[in-house]
Amino acid sequence: MVSSGIASDTKPQPGSASLSTRAGTWDPALIAVSQYPASKQRRWSFRHRFPFPMITADCIFFLGPGGCVTTVDQAVFIGGRAGVGKTSVAMALHSLLAGRGVRHCVIEGDNLDLAYPEPWEHGLAARNLQAMWANYRELGYDRLIYTNTVSVLEMDSLAAAMGTNPVVRGILLTATDRSALERLSLRERGAELERHAARSNAMAKILADQAPTNVLAVDTDTKGIEQVAGEILLHLGW
């Protein structure tokens with residue numbers, strides 16, 4: 001990966017600081033920038049072929065056909081048992097990123113097919129994700145924070161539903177049975193609490209056994225929400 005100080009919303013001007021890469025130093029005067037208003041996607045065209053990916057302050061570029069470099073969408077899928085704090089962590093990430101001026105969106109996967117009768121057999125969650133992401137992308141958003149219990153087990157299908165070949169990272173939030181029960185008790189009562197706790201305990205085992213090795217596990221038992229969000233943000237490099 002190549003690091004650069006040029007942000008995606010910055011239009012290089014002749015005489016500005018040069019872009020240093022493993023391929024050498026490129027004068028921004030050689031770079032032509034064009035913008036596509038419909039998708040806000042920048043294409044950076046170099047007189048010479050640019051052979052390496054480039055990371056800027058707020059996006060990633062990759063070499064495309066004819067020497068064009070295009071922005072690449074990024075998604076983080078946050079999974080974990082019920083009561084682990086997925087929504088709280090996503091909101092903390094949202095606050096941190098907004099404070100840094102980083103363009104992003106947050107989608108709660110559970111809400112994409114929350115209905116009765118349950119529409120799971122129709123793949124409605126994936127269809128709604130595709131539609132929502134297309135709308136966000138049309139407005140220039142290229143980062144997605146997505147939460148759902150089993151999202152780390154379905155990253156390939158979720159990325160396919162997005163339809164833009166995003167760079168994907170998975171985060172598995174973990175907590176003990178006791179911690180999860182304490183948190184669930186703040187929103188559930190009686191038989192519903194027992195049902196949710198039992199499902200949470202069972203799902204914790206499934207996630208621990210089946211989560212891909214490239215998924216980052218983050219313990220939430222001894223850390224505050226902001227600390228967890230900061231750790232994830234450091235991992236993402238956003």
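Student: What should I know before I start?
Tutor: This is a predicted model, in which local features need pLDDT of at least 70 and side-chain atom pairs count only at pLDDT 80 or more, while totals for chains, interfaces and linings use all residues. Residues are numbered from 1 along each chain as its sequence is written, and side-chain values use heavy atoms, with hydrogens and water left out.

Student: OK, how many aromatic pairs are there?
Tutor: There are 2 aromatic pairs, where rings of Phe, Tyr and Trp (its six-membered ring) pair if their centres lie within 6.5 Å, and planes under 30 degrees apart count as stacked, over 60 as edge-to-face and the rest as tilted. F77 and Y146 form an edge-to-face pair, because their planes stand at 80 degrees, with ring centres 5.6 Å apart.

Student: Where do F77 and Y146 sit in the chain?
Tutor: F77 is in strand β9 (residues 74–80) and Y146 in strand β11 (residues 143–147), so that the pair links distant parts of the chain, 69 residues apart; strands here are DSSP runs (E, at least two residues), numbered from the N terminus.

Student: Is F77 buried or exposed?
Tutor: F77 is buried, at 0% relative accessible area, and Y146 also counts as buried, at 3% (buried means under 20%, exposed over 50%, partly exposed in between, with a 1.4 Å probe and protein chains only).

Student: And what about Y136 and Y141?
Tutor: Their ring centres are 5.4 Å apart and their planes are at 80 degrees, so Y136 and Y141 are edge-to-face. Y136 counts as partly exposed at 25% relative accessibility, and Y141 as partly exposed at 23%.

Student: New topic: which residue lies over the face of Y141?
Tutor: R103 does, at 5.0 Å from the ring centre, where a charge sits over a ring if NZ of Lys or CZ of Arg is within 6 Å of the ring centre and within 35 degrees of the ring normal. R143 lies over the face of W238, at 5.4 Å from the ring centre.

Key
Helices (H or I, at least four residues) and strands (E, at least two) are DSSP runs, numbered from the N terminus.
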